[in-house]
Amino acid sequence: IDEKTMSGKVKTPEQRIQIATDLKNEGNALFQQKEIKKALDKYHRAFLYLKGLVPEKNAPGANNFAASLAGSSQAANNVSPAQIEEIKKLNLAIFLNLAMCHLKVERPDTAIKDCDNVR
């Protein structure tokens with residue numbers, strides 16, 4: 001799914017998960033190319049696509065940033081248990097990747113916060 005093609009359109013949970021996965025993969029490629037700041041942007045955008053998909057009781061982490069994944073979003077009502085597990089795994093990868101990027105750009109405090117989001 002092309003993020004630009006989907007711009008401005010209502011996205012189903014499946015589409016949002018796919019776009020987030022694609023963005024994470026693009027971030028991985030950029031990280032391998034040592035384009036750390038561009039990778040950070042991709043990982044952050046991937047997180048934003050998943051925001052609001054996880055019902056509150058399933059939100060990862062106990063802090064405010066992770067809890068922001070939860071919400072009263074209509075999309076959260078249409079997410080299957082299998083998708084919730086997929087979202088959790090994807091968020092784990094995204095936050096760990098964000099942490100690695102933040103370490104590479106010498107922002108250890110932010111890296112710690114990223115890691116706190118996966119508890």
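In which helix is the place of His102? His102 sits in helix α5. The model is predicted: local features need pLDDT of at least 70, side-chain atom pairs count only at pLDDT 80 or more, and totals for chains, interfaces and linings use all residues. Residues are numbered from 1 along each chain as its sequence is written, and side-chain values use heavy atoms, with hydrogens and water left out.

Start with the overall plan. The protein has 6 helices and 0 strands. Read along the sequence, the pattern is α-α-α-α-α-α. Helices (H or I, at least four residues) and strands (E, at least two) are DSSP runs, numbered from the N terminus. The protein has 119 residues, and buried ones make up 40% of them. Buried means under 20% relative accessible area, exposed means over 50%, and partly exposed lies in between (1.4 Å probe, protein chains only). Now take contacts, meaning heavy atoms within 4.5 Å. Among contacts with a separation of 6 or more, 54% come from residues 24 or more positions apart.

Next, look at how helices pack. Two packed helices are described by the angle between their axes and the distance between the axes. Axes are lines fitted to C-alpha atoms, for helices over the stretch in contact, and angles run from 0 to 180 degrees between N-to-C directions. Angles under 35 degrees count as roughly parallel, over 145 as roughly antiparallel, 65 to 115 as roughly perpendicular and the rest as oblique.

Take α2 and α3. Their axes lie 8 Å apart, and the helices pack at an angle of about 165 degrees. That makes α2 roughly antiparallel to α3. The crossing of α2 and α3 is left-handed. A crossing is left-handed if the near helix is turned anticlockwise from the far one by less than a right angle, and right-handed if clockwise. In the contact of α2 with α3, the residues divide into 13 nonpolar, 2 polar and 6 charged. Here Ala, Val, Leu, Ile, Met, Phe, Trp, Tyr, Cys and Pro count as nonpolar, Asp, Glu, Lys and Arg as charged, and the others, Gly among them, as polar. The α2 side includes Ile17, Leu23 and Phe31, while the α3 side includes Ile36, Tyr43 and Leu50.

Now turn to α3 and α5. Their axes come within 9 Å and cross at roughly 155 degrees. α3 and α5 are therefore roughly antiparallel to each other. This crossing, too, is left-handed. From α3, the contact includes Leu40, Phe47 and Leu50; from α5, it includes Ile87, Ile94 and His102. By class, the contact of α3 with α5 has 13 nonpolar, 4 polar and 1 charged residues.

The pair α2 and α5 remains. Their axes come within 11 Å and cross at roughly 25 degrees. α2 and α5 are therefore roughly parallel to each other. The crossing of α2 and α5 is left-handed. Among the contact residues are Ile17 and Phe31 of α2, and Ile87 and Ile94 of α5. The contact of α2 with α5 divides into 10 nonpolar, 4 polar and 4 charged residues.

Which residues touch the most other members of the largest nonpolar core? They are Leu50, Ile87 and Ile94, in a core of 23 residues. The elements giving two or more residues to this core are α2, α3 and α5. The largest share, 8 residues, comes from α3. A nonpolar core is a set of buried Ala, Val, Leu, Ile, Met, Phe, Trp, Tyr and Cys residues joined through side-chain atoms within 4.5 Å. Leaving aside residues up to four places away in sequence, Ile87 touches Ile17, Leu50, Leu53, Val54 and Val79.

Back to His102. It is buried, with a relative accessible area of 7%. Not counting residues up to four places away in sequence, His102 touches Leu40, Arg107, Pro108, Thr110, Ala111 and Asp114.

Finally, visit two loops. Most residues other than glycine have a negative phi. Lys34 is not a glycine, yet its phi is positive, about 65 degrees. Lys34 lies in the loop between α2 (13-32) and α3 (36-50). At 70% relative accessibility, Lys34 counts as exposed. Glu106 also has a positive phi, about 60 degrees, although it is not a glycine. Glu106 is in the loop between α5 (81-104) and α6 (108-116). Glu106 counts as exposed because its relative accessibility is 70%.
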